[in-house]
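Colleague: I would like to learn how to read the features of a model one by one. Please take me through this case.

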Amino acid sequence: MKKYFLFLILLSQLLLSEEILIVADKQFPHEILTIQEIRAIFLDKKRIFIGESKVLVMNYEFNHPLRSCFEKNILQKSQRSLEKYWRKAYYQGKQPPKIIKSTQMLFRYIENVHPSIGYSDVNSSKRKEIKILYRGVCL
């Protein structure tokens with residue numbers, strides 16, 4: 001009975017969870033990325049260039065619900081640990097991602113700035129000219 005109850009709890013969490021997509025412009029040099037590569041890109045540990053153009057990495061404002069999901073489930077870091085990370089990284093010449101306010105802003109950048117990468121929910125990503133590099137779940 002206990003196992004059945006635990007199974008129902010896990011199943012309900014999966015059904016209620018939201019899918020998060022790591023997206024990029026169509027010319028992005030990779031077809032898929034691993035979660036380790038995504039972490040490295042968004043933490044400025046791995047820089048990707050196309051020709052002489054560095055990839056524009058985008059992140060939402062602190063209070064955006066997608067950002068909380070991304071930090072918890074993809075980067076696997078708390079907001080506080082990320083703030084500490086970026087304070088230290090600044091002195092190593094690293095730069096945090098560009099802050100954006102909305103998914104509309106994300107897709108405008110993706111359409112106009114090449115190469116670029118960010119993340120979105122599934123509903124906002126429908127019928128957009130983007131490349132989906134990774135699918136994750138917000139729990």
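**Reading salt bridges, strands and burial**

Modeller: Start with a contact: the side chains of Lys131 and Glu31 form a salt bridge, at 3.1 Å from N to O. Lys131 belongs to strand β7 and Glu31 to the loop between β1 and α2 (35-42), so this pair ties together parts that are 100 residues apart in sequence. Before going on, note that this is a predicted model, in which local features need pLDDT of at least 70 and side-chain atom pairs count only at pLDDT 80 or more, while totals for chains, interfaces and linings use all residues. Residues are numbered from 1 along each chain as its sequence is written, and side-chain values use heavy atoms, with hydrogens and water left out.

Colleague: What is a salt bridge here, and how many does a search of the whole structure find?

Modeller: In general, side chains of opposite charge can pair when their charged atoms come close. The criterion is a side-chain nitrogen of Lys or Arg within 4 Å of a carboxyl oxygen of Asp or Glu. The search of the whole structure finds 6 salt bridges. One of them links Arg67 and Glu71, at 2.6 Å from N to O. Both residues lie in helix α3, 4 residues apart, about one turn of the helix. Salt bridges that share partners also join Asp44, Arg47 and Lys54 into one network. Within it, the closest N and O atoms of Lys54 and Asp44 are 3.9 Å apart. Lys54 lies in strand β3 (residues 53-54) and Asp44 in the loop between α2 and β2 (49-50), so the pair ties together parts that are 10 residues apart in sequence.

Colleague: Is Lys131 buried or exposed? And Glu31: buried or exposed?

Modeller: Buried means under 20% relative accessible area, exposed over 50%, and partly exposed in between, with a 1.4 Å probe and protein chains only. Lys131 is buried at 10%, whereas Glu31 is exposed at 55%. For the other pairs, Asp44 is buried at 6% and Lys54 is partly exposed at 37%. Arg67 is buried at 7%, and Glu71 is buried at 6%.

Colleague: How many residues of helix α3 are buried?

Modeller: Helices are DSSP runs of H or I with at least four residues, strands are runs of E with at least two, and both are numbered from the N terminus. Helix α3 (residues 65-75) has 8 of its 11 residues buried, among them Leu66, Cys69 and Phe70. The helix is followed by Gln76, whose phi is positive, near 55°.

Colleague: Which strands are joined to β1 by bridges?

Modeller: Two strands pair if DSSP finds at least two bridges between them. Strand β1 is joined to β7 (residues 131-138) by 7 bridges, and the two run antiparallel. Ala24 stands opposite Lys131 in that pairing. Another 5 bridges join β1 to β6 (residues 116-121), again antiparallel, with Leu21 opposite Ser120. In β1 (residues 18-24), 5 of the 7 residues are buried, so the strand is largely enclosed by the rest of the structure.
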